[in-house]
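Hi,

Here is the structure I said I'd pass on. Have a look first, and my notes follow below.

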Amino acid sequence: MESEDSRQIRFLKLYTAHELAIRAFVRTLVPARDDAHEVMQEVAVVLWRKFGEYTTGEDFRRWAFSVARFEALAWLRDRARERLVFNDEVLQLVADEADRRADRHHKQREALEDCLEKLLPQHRELLQQAYAPGARIDQLAQSRGQTSMSLYKMLHRLRINLLECTERLMLKEGLA
Amino acid sequence: MNNDNAWYDPSNDERLNSSQSELTDRQWLLIQQYADQSIDAAGFELLEELLQTDNRFRQRFVDYLALDSSLQVDSALAAANTTISSEVNLTDESLAPIAALVQDDAEFSKIRVLEKSSPKSSSRRSYYWLAANIALSIVSPLFLWLYSTSKSDSLDHDNSIVWAEILEINNLTTADNAIKWKKGDWVPLRDLMFSAGETDLRLDNGVTLSLEGPLHAEFNSGADMLLHYGRLSAEVGENAKGFTVRTATSEVVDLGTRFGVSASEAGDTDVVVFEGEVKVRRNNDYTADRAWTTLRSGEAIRAAKKNKELQRLARVRLSKNKKLWSSVSSGSGLVIDVTDNVTEPEFRHYLGVVPQGMGQGAQPFSDRPGAKWQAVPGESFPQELESADLVRTFLADRGDRELEISLQLSEPCIVYVFLDTRRLAPAWLEKAFIDTGKRIRVGPWPASGPVRGIEPRSDGKYFIDCAVWQCRYDKVGKLTLGSPFVKGTENQGLMYGVAVGPVPQSNVDLQRQYQ
């Protein structure tokens, strides 16, 4: 019989190893970054609560994704009247796609660090400011003396460039 | 396309849709507006429709949001680093168990190894994402709650447990019948001993091991195991680079690869690399600062207890469908053994024998795991070659003028040699073999490969056609093949491939016979 301490350690190791993948998965389903963070906290608690069911040898990431999908969909259904929530069919399609591309996203994360280093320092700093917890684009735009729209566009261009860079690196290293 | 090393200034970018041309400006804008929560109702409706109907759009959508999530983590990491450095001291005794937990993790072992041997960026990258995980976890209420409910004095003990999922199990036998694993079980691994049978298992860091009895192994962590005796194959993913197998005589460290290790009770260790790289050093060689030797795809060595030098393993028997392998020379099938006359001390390539391993998709060269035999376009793979015994040669030998490869054959058979059509046939081949007129091809090859004179396919990949030569061998004994090199010609083209099939009931008279 596995001791409680051993179970906790096993969970922590598995959860820590897959947390970034689960976060990325949740983010694809939840429209707002802050909401994704909130859902992620709930997912972590449910994963631990249900960890007793994880004894049949399932792949942890796959099991965690199924829990995360359920939690994210439940969270979204509670907000179904809000205008930016996809219908069920689209949510299932997106969740399936994110699940299928999880390995690719893992490699994308690895390549991202090199790509971030290729950015101009001020652009790297801009990304950190824009993605900081609680950051507001309108305030950031104002402090930079530009409109929110132009800042959104700039951030989008940076993301596209990073996406392209990670794919180039993955291809170069035979990971794509 | 930006230069890899150039800094990128988006304010000068006027070609956002040139390389990302599979989506239109408008489509990218929808994704961006959704991610930034600035999308309007009409845009959201269109986005939903595209996600429902356009696979490629859906893929780019999830890729974009996965990147968005990573950028959020990057920013959280920067914030957490500030918090940790100003408020939390990781060397604080109160957090020592967490440090111990993390430091014993496979990721940290990987970092230690990579810092010494790999390009800086790989090490830095691994550390970066591990640090991101730790930073996120440490600030996570769940982590702190779990940590606070754990007894710190039991952490070290429990952390030594290595968990594994049983993927396959086949007739595993122990003296006391104590192992009752079944497929799908998660089991703790510490001291594992069984007298016969095989099992495939996956550690929780993703390392897949195929273990073959009799075997005795101890698992110190998910990144480090001691093989007292027995044979294993390991497949180590990016997450677990640095996975180490220690034996009585040697230490084998993965550098991202599939490899095999065998340890005998007499103290000899065999190491074979199927794909990627490992580094090996002897435990008892103190005279050379225990120098590491790097082995690459298609190389194999023996570290014998009584011999200080690493010896080349000239042949390896492989299983067609399983991950089992053996360095012993005898076995079932038409090809009992294969040897060559290479004596250079630094040469470590092995010849592989795969009983019934020939066919579409089979690997012709032990040192080129990516290249495969294929039918030429518009034709099927020659039926007589399907399930013939495959002999994997090594591409590294293609310029060796003195090379001889000897096949020990168990019964009358047809020996096939596959010669690059760019090469002239060497005299030994023309004398004993006939060109059947059939062709198969091998690839894909990169543009930097041995593809001179070959036109790439429309997808940019190169394939090389080979002529199928054959001879009938009516004896039981040794047949020797020579070098692919023809005197007076430029060395250009592949090393030949080899297969051995049974004598068909019909058309045997059409075969040229080996004298």
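In chain B, 61% of the contacts with a separation of 6 or more are between residues 24 or more positions apart (two residues are in contact if their C-beta atoms, placed from the backbone, lie within 7 Å). Keep in mind that this is a predicted model: local features need pLDDT of at least 70, side-chain atom pairs count only at pLDDT 80 or more, and totals for chains, interfaces and linings use all residues. Residues are numbered from 1 along each chain as its sequence is written, while chains are lettered from A and ligands numbered from 1 in the order in which they are written.

Chain B has 24 strands and ten helices (DSSP runs numbered from the N terminus: E, at least two residues, for strands; H or I, at least four, for helices). Of its 515 residues, 42% are buried, meaning that 20 or more other C-beta atoms lie within 10 Å of the residue's own, with C-beta atoms placed from the backbone.

As for Val271(B), its contacts beyond four places in sequence include Val252(B), Phe259(B), Leu295(B) and Ile301(B).

Cheers

Key: Buried ≥ 20, exposed ≤ 12 C-beta atoms within 10 Å, placed from the backbone.
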